[in-house]
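Welcome! Open your viewer, and let us walk through this structure one selection at a time.

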Amino acid sequence: MTVADALLLALGAVAVGSGFLVVTSVHLVRAGLYLVISLGAIAGLYLVLGAELVAWVQVLVYVGAVVVLLLFAVMLTRAPIGASKDLDRPATPALLIGGGVGLGLAVLLVDAFRWTIYPQAETGTAERMGEQIFGAWVLPFEVLSILLLAALVGAIVLSRPDLGARRPAPVTADVSSEASVPETAEG
Amino acid sequence: MHAVIPYVTAALLFGLGVYGVLRRRNAILVLMAVELMLNGVNLIFVTADATIRSALVGVQVEAWAYPNGEPHAGAVFALFVIVLAAAEVGVGLAIVLQYYRLRQAVVVDEVALHHEPHPADEQVAS
């Protein structure tokens, strides 16, 4: 049991514990804040495992952007701020399937890896990761940028109902669907 | 270090995510549970990159046994999954907000999968 093991155990316990609170909390906003703690602990796990760049990207993108987006949606949908009773379905099937998946995978991984000590790999600094991304993985990287662009355009089209909407009576249509397509590309 | 600790953490996080997706009725809480599942998978990627690869140094290089010629492939994939999760949350929240604008509700199991006439449909026909 080294320092790295103790850190992995502590951060893993924090991640799993606050993840449990995310899926059981009756407060919507508190669930989002517990998600911050869980994702931060996972970023700490990445740091202990030697993946520096992934840890900082996790903090930037997940804690910085995704959780803020989720809390933003909580506010926009006028969710109840206090405790609310009707957030959950009956627990039994979810408990069976979720617990089965989690414990089954855990037993499988414990059986596969036992208590073996593995040597620490070299640290994944930004320089090494950048060489890999722009060397070996440059084609998936570019495909991913196209996917991000498609998600951006899709989110804009979804959130503006006047884009691409088929009017039942096209007599008074002030914005036709053909004219609105270049607007989408601009946005 | 013992690789089994982060692996078990990742498995438990994935199980918690599955539980949350099945248990929660609010669409935003379902998205949060999906994030937990994605993080479990990411943790497995990074752990495998940090531990298994260094254990396979002496393995004879064959087409099926050689994991990947490139170092840090697992961490690169974890980065890709983070980007995919960001795109997923963007589009998912756009759908949730649009649904809220039409029906004033974000309850997942009351979403009608078949088309039913609704007053809001007459303003915006899909």
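Here is a tour of selections, starting with how to read the model.

This is a predicted model, in which local features need pLDDT of at least 70, side-chain atom pairs count only at pLDDT 80 or more, and totals for chains, interfaces and linings use all residues. Residues are numbered from 1 along each chain as its sequence is written, while chains are lettered from A and ligands numbered from 1 in the order in which they are written.

**Stop 1: colour chain A by confidence.** The pLDDT (the predictor's confidence in each residue, from 0 to 100) averages 84 in chain A, and 87% of the residues score at least 70. Now select residues 176-187 of chain A: the pLDDT there is below 50, and this stretch has twelve contacts in the model beyond near neighbours in sequence. Two residues are in contact if their C-beta atoms, placed from the backbone, lie within 7 Å.

**Stop 2: two helices in chain A.** Helices are DSSP runs of H or I with at least four residues, numbered from the N terminus. Select H2(A), residues 28-49, and H3(A), residues 52-76: their axes come within 9 Å and cross at roughly 175°. Axes are lines fitted to C-alpha atoms over the stretch in contact, with angles from 0 to 180 degrees between N-to-C directions. That makes the two helices H2(A) and H3(A) roughly antiparallel (angles over 145 degrees). Among the residues that meet here are Leu35(A) and Leu39(A) in H2(A), and Val59(A) and Val63(A) in H3(A).

**Stop 3: where the chains meet.** Show both chains: 67 residues of chain B are in contact with 84 residues of chain A. Which helix of chain B gives the most to this side? H3(B) does, with 20 residues.

Next, pair H3(B) with H6(A), residues 138-159; their axes are 9 Å apart, at an angle of about 10°. H6(A) is therefore roughly parallel to H3(B) (angles under 35 degrees). Look for Leu144(A) and Leu148(A) on H6(A), and Val83(B) and Ala87(B) on H3(B), which are among the residues making the contact.

**Stop 4: the largest nonpolar core.** Such a core is a set of buried Ala, Val, Leu, Ile, Met, Phe, Trp, Tyr and Cys residues joined through C-beta atoms within 7 Å; buried residues have 20 or more other C-beta atoms within 10 Å of their own. The largest has 75 residues, and H2(B) gives the most to this core, with 16 residues.

Finish on Ile28(B), one of the residues with the most contacts inside this core. Leaving aside neighbours within four places in sequence, the contacts of Ile28(B) include Leu28(A), Leu70(A) and Val96(B).

Key
Parallel < 35°, antiparallel > 145°, perpendicular 65-115°, else oblique. Buried ≥ 20, exposed ≤ 12 C-beta atoms within 10 Å, placed from the backbone.
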